[in-house]
Every structure is written in structure tokens, then in C-alpha cells.
Amino acid sequence: MLEIKFVRQNISKVQRALLMRGETADIEIFSNCDDERRAILLESEELRHRRNLVSQQIASMKKEGDDTSAIEIDMREVSKKIKDLNKLLSETEEKLYAILMALPNIPNESVPVGKDSSDNSVIKQIGKPPEFEFTPAAHWTLGENLGILDFDRASKIAGARFPLYFGAGARLERALINFMLDVQTKEHGYKEVLPPFIVNRKSMTGTGQLPKFEEDLFKIEGRDYFMIPTAEVPVTNIYQGEILDEDMLPIKYAAYTPCFRSEAGSYGKDTRGLIRQHQFNKVELVKFSNPETSYDELEKLLNDAESILQMLKLPYQVIILCTGDLGFSAAKTYDIEVWMPSQDMYREISSCSNFENFQSRRADIRFRRKGEKGTELVHTLNGSGLAVGRTFAAILENYQQTDGTISIPEVLRPYMGCSLITKER
RNA sequence: GGAGAGAUGGCCGAGCUGGCUGAAGGCGCUCGCCUGCUAAGCGAGUGUGGGGCGAAAGCUCCACCGAGGGUUCGAAUCCCUCUCUCUCCGCCA
């Protein structure tokens with residue numbers, strides 16, 4: 001959420017930002033509501049002021065034993081009017097709030113302007129795509145042939161877009177989770193967190209998934225609960241409504257969670273394999289940062305996520321999202337894309353963003369500077385480190401052998417207890 | 001699920017026979033003083049949000065004592081609903 005004062009004073013800047021994102025929002029309605037709100041507020045506050053004064057007067061008159069019934073009758077009217085005005089006020093504020101909550105974050109100045117994903121630019125490419133003497137198979141083919149993935153049976157259990165891992169496949173998934181958590185906690189200073197996988201509406205609103213993107217979420221029927229689409233939601237909301245000490249910052253958390261996404265509106269895309277599932281595993285990195293250093297923290301976060309791919313020796317590239325492709329809450333985002341041989345292209349495996357104070361304003365996460373009074377909003381950041389299912393897919397495809405077996409990346413062998421995945425029975 | 005208790009400022013904790021209580025007291029924090037170090041001591045200050053006036057420093061008003069309603073001239077204080085926490089019983093991985 002943007003600050004109401006900021007929007008009021010920077011209407012044209014906000015409009016420009018919306019335009020750059022390829023969005024339209026009716027700023028006129030905002031201005032009208034805003035003016036209306038202040039007009040009502042002014043009137044209601046004047047009346048309240050009067051009521052406060054008279055109430056005190058009544059108190060002292062009663063002490064003297066004077067008759068106050070005439071004033072009381074008068075004040076009854078005033079109170080009624082205040083009540084009416086308040087009703088009007090909250091209606092106006094609701095409208096205003098709805099607009100404000102639907103406004104996306106302002107892109108950082110370093111974000112290139114562009115229309116859509118085709119305008120994203122590649123910042124760097126690390127590692128070379130492997131060369132095969134055969135046509136590399138898709139990971140679902142490999143996985144099903146090896147007996148470690150079974151999408152058919154998964155669909156009996158739950159439906160399309162759910163994974164089912166067996167044997168070495170299940171172990172590989174678990175190995176990746178452990179490996180990723182170990183690297184981030186032991187080498188990069190993140191603290192491990194295991195949060196709830198179901199959250200309430202307030203938390204979803206705090207990080208920006210609601211109110212705009214409810215259709216992307218799995219909701220628990222009959223209760224105001226949602227399955228998390230990413231650990232970002234529960235982990236960022238850990239400090240919801242709190243005031244942190246400056247010397248606690250930056251706070252760095254690494255969390256493994258399953259993620260649940262309804263993937264509404266993506267019917268034709270990635271219908272096979274592990275790329276687009278309703279449920280997938282992810283290790284998420286979340287930071288709470290001092291505003292001055294948040295962009296340094298973003299670079300570090302990106303490096304921390306990248307290090308996993310480097311250690312797994314998977315070829316990848318880093319792209320910076322242009323204004324038109326930026327997520328709703330983000331001010332700046334890098335995507336990491338891993339090489340997928342069967343598709344002959346790079347596919348997103350991580351997304352690292354700085355949200356500045358967009359989420360912290362919604363979730364009310366502040367900090368207090370040493371020696372200064374007042375509080376300030378922290379900056380929040382997060383990034384996948386990494387999406388486990390997609391990493392699984394990338395390993396299968398990049399490490400496939402002529403005979404359809406999968407050699408295991410060196411760093412995972414201690415976790416797997418083997419160096420090769422062969423056909424399961 | 002049943003029966004109770006509670007939710008107050010950064011934290012702890014009074015107030016809860018309605019009116020001068022934005023809220024005692026303590027802790028913490030900041031600034032100043034003092035003590036040749038440390039500890040202790042003394043003094044002052046120290047919530048958030050939103051309006052109005054002002055170039056600004058600032059002045060002023062309103063709201064906020066879990067959330068939302070109600071009663072009343074007036075509510076942290078009374079009533080209702082909800083959420084959460086705690087204790088006991090039941091059930092349970």
C-alpha cells in the first residue's frame with residue numbers, strides 16, 4: 001500500500017508509475033473521495049470538539065447542582081449528527097481504502113521501463129547449457145520412466161497439477177530442501193523458520209495477495225483461511241504490528257514450506273511436468289531491512305539464491321523485470337531462470353524482490369532508530385532460494401544420461417546417499 | 001466441544017462504583033547533571049494515526065485502552081457480538 005499522503009501529493013507520479021506498469025486506476029475517484037473524506041472529517045471533528053467541551057461543562061454544572069437537562073437535549077442532537085457523519089465518513093474511507101489497497105507499488109528508479117516480459121533484460125548468464133549426443137528428454141518423461149514421478153496417479157488422488165514422488169524422487173525432493181536450508185542457514189546467516197501453511201485474511205492482505213488476487217489462492221471453505229501461495233506470507237507477517245529495534249536489522253529468515261496456487265487462468269500453460277503445479281515445495285528467503293540498505297540486501301539475496309544453482313552446477317541466467325512485468329507489491333525484482341534442456345530455454349526458478357515499505361505499511365511492521373523518537377517502516381524483501389520442484393526438474397533434465405538415468409550433482413550426494421538415480425521397481 | 005479468567009502505551013502493570021486519565025506506578029530509552037573508572041544517584045523528556053493553521057520551528061483539534069456495534073450529554077470504565085490468549089474438563093496426532 002502506498003501512503004495516502006504520498007498519493008495525494010504525488011498524483012502525477014503515481015499515474016506515471018501505473019502507466020509504466022501497464023495498469024490503469026481511477027485516480028480521479030481517489031482524489032474525489034479524499035477531498036470528500038477531509039470535508040466530512042472537518043465537520044465531524046468540529047462537532048466532537050464542541051461535544052467534548054460541553055460534556056465537561058455538564059460535569060462541572062452537575063457538581064454545582066445546576067440543571068443541565070436543556071443542554072443535554074441539545075447535545076443529543078449533536079451526538080446524532082456526529083453519528084451520521086461518521087457513518088458517511090466510514091463509507092467514504094472504505095471507498096478510498098479500496099482504491100489505495102488496489103494500487104501497486106511504485107517501481108524503483110533503477111527498474112527499466114517496459115511493456116511486458118519481452119522487455120525484461122538479461123543481466124548475466126552463468127554456466128553453459130550442457131550438450132547432449134541425443135535429444136534430451138523432458139523431466140516428466142525421465143521421471144515417469146524411472147518410476148520416481150507419477151502424474152497419472154497423482155491426478156486420481158487430487159486432480160491435475162499435483163505431484164507424486166516415489167523412491168529416489170521423493171528422496172531427491174527432500175535432499176534438495178535440506179541442502180537449500182543448510183546452505184542458507186549455515187553459510188549465509190539465515191535463521192530457519194517453519195511457519196503455518198494456512199493463514200488468515202489479514203496476513204494475506206499484509207503481503208499484498210489480497211484483496212486483489214483472491215482467485216489465485218486456495219481458500220478454506222467456510223472459514224476465512226487461505227493456503228499459503230508462498231512462505232513469504234506467513235514469514236513476512238511474523239512481525240505484523242510490531243516495532244523492532246534497529247539493531248535487530250537486517251532479520252534474515254529461510255523457510256521451507258509447500259506452496260499452494262490455484263493457477264487460475266493458466267490452463268494451456270505447462271500442463272505437463274513439475275513446472276506449474278497446484279502444490280509445490282519452496283525454500284523462501286525473507287528479509288526485514290533498514291531502508292538505507294535494502295537495495296544492498298536485495299543484491300545479497302540474489303547472490304544467496306544464485307549460490308544454490310552454482311553449487312548444483314545448473315546453468316542459469318538472471319533477468320531484471322521491467323516495469324510492465326513487475327509484481328503488484330514489488331518495487332524491483334530479479335528473476336533467476338534455470339536452463340531446461342528439453343524446452344531449450346531458461347525457466348524461472350526464483351524471484352527476488354524488494355518491496356520497500358509497501359508490505360510493511362500494510363502489515364504495520366516498524367522499527368525504532370537508536371537515539372531518535374518515532375518509528376519508521378522497515379523494508380521487506382524476499383526471494384526463492386529456490387523453488388524445489390523446478391530445481392528437481394532442472395536436475396533431471398540437465399543431468400540425464402544416455403540411458404535415461406540421472407547422475408546426482410556432487411553436493412547432493414551426501415544427502416542422497418547415491419550418485420545415480422536408476423529405474424525403480 | 002463444555003466451564004471459567006483475561007486482552008491497557010516499547011515492555012510490565014494500575015484504573016474498570018462512567019466525567020479534569022493519553023491514561024498512575026515501574027522498567028526501558030533519550031538528553032542533561034553528578035560521581036576521577038564501573039555500578040548507583042538526580043533532573044527533564046519519551047505512543048500512534050488523522051485533520052486545520054503556518055514558509056518553517058511550531059501551534060491547535062480529533063481519534064485510538066483486542067475488533068466491531070450499542071447505551072449515555074459524556075465510556076478504557078456499562079451492555080451485545082466477534083477474535084485471540086490463559087486455566088480446568090472432555091476428545092485427539
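**View 1. Proline 250 sits in the loop between β6 (243–245) and β7.** Strands here are DSSP E runs of at least two residues and helices H or I runs of at least four, numbered from the N terminus. The peptide bond from leucine 249 to proline 250 is cis, with omega near -5°. Keep in mind that this is a predicted model, where local features need pLDDT of at least 70 and side-chain atom pairs count only at pLDDT 80 or more. Residues are numbered from 1 along each chain as its sequence is written, and side-chain values use heavy atoms, with hydrogens and water left out.

**View 2. Another cis bond turns up from glycine 385 to leucine 386, with omega near 10°.** Leucine 386 belongs to strand β14 (residues 379–387).

**View 3. β2 runs parallel to β7 (residues 251–260), joined by three bridges.** Two strands pair if DSSP finds at least two bridges between them. Valine 193 has alanine 255 of β7 as its bridge partner.

**View 4. Arginine 361, in helix α11 (residues 358–363), is buried yet has no salt bridge.** Buried means under 20% relative accessible area, exposed over 50% and partly exposed in between (1.4 Å probe, protein chains only); a salt bridge needs a side-chain nitrogen of Lys or Arg within 4 Å of a carboxyl oxygen of Asp or Glu.

**View 5. Aspartate 364 lies in the loop between α11 and β12 (366–368).** Its phi is near 60°, a positive value in a residue other than glycine. Aspartate 364 is partly exposed, at 32% relative accessible area.

Terms used:
Chains are lettered from A and ligands numbered from 1 in the order in which they are written. Lys and Arg count as positive and Asp and Glu as negative; His and the chain ends are not counted.
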